Amino acid sequence: MRIIPISLPTPFYIGPVNVYLIAEEPLTLIDTGPKTKEALEALRDGLRRARVRVADLRRIVLTHTHEDHCGLVRSLRDEAKDAEIFTHDWETGHRASRLQYEAHRTLLTRAGVPDDEIQTMRRLYDKMRSYSDSFGDYQYSPLVDDAQLEFESGSLSVVHTPGHTPGSCSFVREANRTVIAGDCVLKRITPNPILSPDPIDPSKRFPSLAEYLVSLARLRTFAPTLVHGGHGEPVRDYEELFNRYLRAIRERQSQVIGLLPKAGATPWEVSRGMFPTADDVHRFLAVSEAVAHLDLAYSEGKVQVELSGATEVYCPRGVPPAAREVVLTG
Ligand SMILES: [Zn+2]
Ligand SMILES: [Zn+2]
């Protein structure tokens, strides 16, 4: 099976994104790049080098629906009229982003993010959305865990690997243990577990970090020899990466718990302590990270949480948050 990586420019801090052409019938593109002229040109160039035209594509498969990965899906589909689009049903947030504003607002308020910050985040989010067409009502076929994408020379197994987003999927060529993992596996950085409403119950948040740890372990069962990530170079030593990620997550968790004063702190306050100079969209990523680590620490019995109004206040286990006016609910 010929898997051809194509690197596309993005206007985002993370830099170029990798998309993958499976160069055999049915011609399949995994991820699309953001909706920019530059990305589309680079994609056309990459396809041309493989002697493929956009119109020839039969399948467009999305690892997840962040703008840098799915932005061009609609434009490509307009050109490749026979192409079928695949994404996981749990990628609700980005497919129908506008419907999720309220769910997001609730989650951010619960994390202690001040109102003016939420407004700023929303403006930045709207700007990000311009790099992708929402395809809420656009036809797509759901990716289902354990399903097979069949090709001339064999198949790719769909592996649901939630964490970075609830509907993130990886694709495994079991014959040679090659994986296309989107943003689940990145060589140089630990992917951010993005704060997301739970796809089943949007009033709750998705337990992103706990799910992510399960996904990393699940990929490990395939004993990958080559992992193509959404950004940067491929990973050849998955075992090293797996252990490095686990260490980084544990270290970050200790840091987060260490930042909790006896009087307790909101996830927003913890995120400001972790990343005091973060600006723009990085404040959202920072609070996502704080929430994810506090959730995991809570599920492991290392911190306790109480509600102060509509906001969560965390403190180290055994130390009730006495200095605040705490209203216990539920
Ligand atoms: Zn992503
Ligand atoms: Zn990405």
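**Note on the predicted model**

1. At D146 the relative accessibility is 54%, and the residue therefore counts as exposed, since the threshold for that class is over 50%. The structure discussed here is a predicted model. D146 sits in the loop between β6 (141–143) and β7 (148–151). Its backbone deserves attention, for D146 has a positive phi of about 75 degrees although it is not a glycine.

2. D31 belongs to the loop between β3 and α1 (37–49). Is D31 buried or exposed? With a relative accessibility of 2%, D31 counts as buried, because the class requires a value under 20%.

3. A further backbone feature concerns a proline. The peptide bond from E25 to P26 is cis, and its omega is near -15 degrees. P26 is located in the loop between β2 (17–22) and β3 (28–30).

4. The overall form of the chain may be considered next. The protein chain contains 10 helices and 13 strands. Its C-alpha trace spans about 65 × 40 × 35 Å along the principal axes. The radius of gyration of the protein chain is 20 Å, which agrees with the value near 20 Å that a compact globule of 330 residues would have. Of these 330 residues, 53% count as buried.

5. Which residues donate to the zinc ion (ligand 1)? Its protein donors are H64 through NE2, H66 through ND1, H164 through NE2 and D183 through OD, at 2.1 to 2.3 Å from the ion. Along the sequence these donor residues follow the spacing H-x1-H-x97-H-x18-D. Why is the arrangement around the zinc ion (ligand 1) called irregular? The four donor atoms subtend angles of 90 to 172 degrees, which makes the arrangement irregular. A tetrahedral label would need all angles to lie between 85 and 135 degrees.

6. H164 is placed in the loop between β8 (154–160) and β9 (169–173). H164 has a relative accessible area of 9% and is therefore buried. Although H164 and H64 are 100 residues apart along the chain, their C-alpha atoms are separated by 8.8 Å.

7. The zinc ion (ligand 2) has its own set of protein donors: D68 (OD), H69 (NE2), D183 (OD) and H231 (NE2), lying 2.1 to 2.5 Å from the ion. Their spacing in the chain reads D-H-x113-D-x47-H. Because the four donor atoms subtend angles of 85 to 153 degrees, the arrangement around the zinc ion (ligand 2) is irregular. D68 is buried, with a relative accessible area of 8%. H69 likewise counts as buried, at 0% relative accessibility.

8. How far apart are the zinc ion (ligand 1) and the zinc ion (ligand 2), and which residue coordinates both? The distance between the two ions is 3.4 Å.

9. Attention may now turn to the second largest pocket, which holds about 160 Å³ of space. Its lining consists of R110, R205, D295, Y298, V305, E306, L307, E312 and Y314. Three elements, α10 (280–299), β12 (303–308) and β13 (311–316), each supply at least two lining residues. β12 gives the most, with three residues. By class, the lining of this pocket comprises four nonpolar, no polar and five charged residues.

10. How many cavities of 30 Å³ or more does a search of the whole structure find? The search finds one. The largest cavity contains about 30 Å³ of space. The residues lining this cavity are P193, I194, L195, R205, F206, S208, S288, V291, A292 and D295. α10 provides the largest share of the cavity lining, namely four residues. Six of the lining residues are nonpolar, two are polar and two are charged. R205 and D295 are found in the lining of the cavity, and R205 and D295 are also listed for the second largest pocket.

Methods
Residues are numbered from 1 along each chain as its sequence is written. Chains are lettered from A and ligands numbered from 1 in the order in which they are written. This is a predicted model: local features need pLDDT of at least 70, side-chain atom pairs count only at pLDDT 80 or more; totals for chains, interfaces and linings use all residues. Side-chain values use heavy atoms; hydrogens and water are left out. Donors are N, O and S atoms within 2.8 Å of the metal (3.2 Å for Na, K and Ca); water is not among the atoms, so sites may look incomplete. Four donors count as tetrahedral if all angles lie between 85 and 135 degrees; four count as square planar and six as octahedral if opposite donors are over 155 degrees apart and all others between 65 and 115; anything else is irregular. Buried means under 20% relative accessible area, exposed over 50%, partly exposed in between (1.4 Å probe, protein chains only). On a 1 Å grid over the protein atoms alone, a cavity is a set of points where a 1.4 Å probe fits but cannot get out, and a pocket is an open set with protein on both sides within 12 Å along at least five of seven lines; lining residues have an atom within 4 Å of a point. Grid points are joined across faces, edges and corners, and a volume is the space filled by probe spheres set on the points. Ala, Val, Leu, Ile, Met, Phe, Trp, Tyr, Cys and Pro count as nonpolar, Asp, Glu, Lys and Arg as charged, and the others, Gly among them, as polar. The radius of gyration is taken over C-alpha atoms; the globule rule is 2.2 Å times the number of residues to the power 0.38.
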